[in-house]
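Please look at the sequence and the structure first.

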Amino acid sequence: MGLVNENIKWLRKKERLTQEQLAEKIGIKRSLLGAYEEGRADPRLNNLLNIARQFDVSVDTLLTKDVSRMSEDQLKAHSSTGTGITDNFRVLSITVDSEDRENIELVPQKAAAGYLNGYADPEYLEELPRFRLPNLPGGATYRAFEISGDSMLPLMPGTIIVGSYVESPASIRDGKTYVLVTQREGVVYKRVYRQRDDRGKEDSSLRLMSDNRSYDPYDVGLDEVIELWEARAFISSQFPEPEETDMSIEKLTNIVLNLQQEVMRLKK
């Protein structure tokens, strides 16, 4: 984060606010604000945006400028309503527990439609079920979604997919599974591929494929994607059924016979 800790401290003192007062205004604990100012922790995006709004500066100013060397006119020119990047930031709302650790919010099937309207509303997220899971990699924000339908068998309807937030489409890995929150399709769980034109350049759309191949793939424009979550774990009370042994033996037998026929054909 670089300059951000010194900038927060300088702006707070400029406004003659105590750490307790500023923490209350932006909705965090005083100890966490102290960690920000001392450089022991980096502000989450939603906290960073709240701080920027409190001091009427843009986020990029907090991150890249030494505000102690800027005049009042320069600060006004870099206000949060000016030309900074604040207006273009996608703010991800989250909830935290009593120790300021991020929760994993669960979006049940019945709440999927409402999520399209409430995904950025902290009050809406507070109403969702919340939980924590051990052994998930740190440094990421997680959310869980209950899937419906049979398009991603062997994962059954009702399976809960835990995904980590993807900030940019550039981070998409072809062939991996993602939960997408889209304007047209709502909340969907699919295997994702980035589209490319004839010259191999990336297009402005994604190809979504189902693991159940009875469903046709389809494309969705990047401009329709509201949120993107890379699948990291799943929770299900239904265990996948093993393939029938007889069927497996039959498949292997057919493969061997086909190979034998191909060898005979090549010999002739």
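Q: Why is E230 called buried?
A: Buried means under 20% relative accessible area, exposed over 50%, and partly exposed in between (1.4 Å probe, protein chains only); E230 has a relative accessible area of 8%, so E230 counts as buried. This is a predicted model, in which local features need pLDDT of at least 70 and side-chain atom pairs count only at pLDDT 80 or more, while totals for chains, interfaces and linings use all residues. Residues are numbered from 1 along each chain as its sequence is written, and side-chain values use heavy atoms, with hydrogens and water left out.

Q: What makes the pair of E230 and R173 a salt bridge?
A: A salt bridge is a side-chain nitrogen of Lys or Arg within 4 Å of a carboxyl oxygen of Asp or Glu, and the side chains of E230 and R173 meet at 2.2 Å, N to O. The pair links distant parts of the chain, with E230 in strand β9 (residues 225-235) and R173 in the loop between β4 (160-165) and β5 (177-182), 57 residues apart. Helices (H or I, at least four residues) and strands (E, at least two) are DSSP runs, numbered from the N terminus.

Q: Why is R173 described as partly exposed?
A: The relative accessibility of R173 is 43%, so R173 counts as partly exposed.

Q: What makes the contact between E185 and R184 a salt bridge?
A: The closest N and O atoms of E185 and R184 are 3.5 Å apart, and the two residues form a salt bridge. E185 has a relative accessible area of 36%, and therefore E185 is partly exposed.

Q: How do you know that E37 and R12 form a salt bridge, and which parts does the pair tie together?
A: The side chains of E37 and R12 meet at 2.6 Å, N to O, in a salt bridge. Because E37 lies in helix α3 and R12 in helix α1, the pair ties together parts that are 25 residues apart in sequence. E37 counts as buried at 2% relative accessibility, and R12 counts as buried at 9%.

Q: Why is helix α3 said to be largely enclosed by the rest of the structure?
A: Six of the eight residues of helix α3 (residues 30-37) are buried, so the helix is largely enclosed; the buried ones are L32, L33, G34, A35, Y36 and E37. Their cover includes α1 (4-14), α2 (19-26) and α4 (45-55).

Terms used: Contact means heavy atoms within 4.5 Å.
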